Amino acid sequence: MTVPPTAQECDADLIECSLADPEAFAALFDRYSAMLFRYVSRRLGPEAAEDVVGETFLAAFSKRHRYDLAQPDARPWLFGIATKLVARHHRTEAVRYRALRRSPVDGPVEGPADRVAAGVTASASRPALAEALAGLPRRDLDVLLLVAWGDLSYEEVARALGIPVGTVRSRLNRARRKVRAALGGTDPTREEA
């Protein structure tokens, strides 16, 4: 009889346990599905995100025997799989950015005055931001969005994409420069003095 995994078990332990007891893999879905959904939803829209997240876990489950058990955190691995699946849907993503570029600006968000002002400024720059993102090379876009929307560290992005950390840094720097230039050299979330 297999003991169910505890919340304190690291991801590598869960994956190892799932080799004998496939049900143990469900704990990874519980931990990371919402996080992956947010990331993919921002890239492809909520309609495609559910399918991509499902495909991500299906691919991860089928490849779990090849997971490097020395890596306690499976998040970069899962984000890497999701990013590769997003690349297959890149046309959908490009269409989404073009639609965002043409869409009207949403009204301000309710909340404290600073957040409203920052939200209005950020919303107003949404078309330019969408255009800048649509114009980035796929490799730079993947790095930028894994850091910004996936909340991964440089090392985790490197693991997710199978590239050196130095490459992550240079791609991120290049992407940030292009986006900043598209926004007139300013950060729309910061108030100018």
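Helix H4 gives the most to the lining of the second largest pocket, with 7 residues. That is a handy place to start a tour of this model, which is a predicted one.

**The pocket**

The second largest pocket holds about 300 Å³ of space. How many residues line the second largest pocket? Its lining has 16 residues, and those nearest the centre are Lys 63, Trp 77, Gly 80, Ile 81 and Lys 84. H4 and H9 each supply at least two residues of this lining. By kind, the lining divides into 7 nonpolar, 3 polar and 6 charged residues.

**The nonpolar core**

Now let us turn to the inside of the protein. The largest nonpolar core has 45 residues. Leu 28, Leu 36, Val 40, Phe 57, Trp 77 and Leu 78 are the ones with the most contacts inside this core.

**Helices H1 and H2**

In H1, the buried residues are Asp 11, Ala 12, Leu 14, Ile 15, Cys 17 and Ser 18. What covers these buried residues of H1? The cover includes H2 and H4.

H2 has a kink of about 50°, centred on Tyr 32. Tyr 32 is itself buried, as are other H2 residues, including Leu 28, Ser 33, Leu 36, Tyr 39, Val 40 and Leu 44. An α-helix has 3.6 residues a turn, so residues three or four places apart point the same way. You can look for that spacing in the list of buried H2 residues.

Not counting residues up to four places away in sequence, Val 40 touches Gly 45, Ala 49, Val 52, Val 53, Ala 82 and Val 86. Gly 45 follows H2 and has a positive phi, near 95°.

Our last stop is Glu 156, which lies in helix H9. Is Glu 156 buried or exposed? Glu 156 counts as buried because its relative accessible area is 14%, and the cut-off for buried is under 20%. Leaving aside neighbours within four places in sequence, Glu 156 is in contact with Asp 73, Arg 75, Pro 76 and Asp 151.

Methods:
Residues are numbered from 1 along each chain as its sequence is written. This is a predicted model: local features need pLDDT of at least 70, side-chain atom pairs count only at pLDDT 80 or more; totals for chains, interfaces and linings use all residues. Side-chain values use heavy atoms; hydrogens and water are left out. A nonpolar core is a set of buried Ala, Val, Leu, Ile, Met, Phe, Trp, Tyr and Cys residues joined through side-chain atoms within 4.5 Å. Buried means under 20% relative accessible area, exposed over 50%, partly exposed in between (1.4 Å probe, protein chains only). Contact means heavy atoms within 4.5 Å. Helices (H or I, at least four residues) and strands (E, at least two) are DSSP runs, numbered from the N terminus. The bend at a residue is the angle between axes fitted to the seven residues ending there and the seven starting there. On a 1 Å grid over the protein atoms alone, a cavity is a set of points where a 1.4 Å probe fits but cannot get out, and a pocket is an open set with protein on both sides within 12 Å along at least five of seven lines; lining residues have an atom within 4 Å of a point. Grid points are joined across faces, edges and corners, and a volume is the space filled by probe spheres set on the points. Ala, Val, Leu, Ile, Met, Phe, Trp, Tyr, Cys and Pro count as nonpolar, Asp, Glu, Lys and Arg as charged, and the others, Gly among them, as polar.
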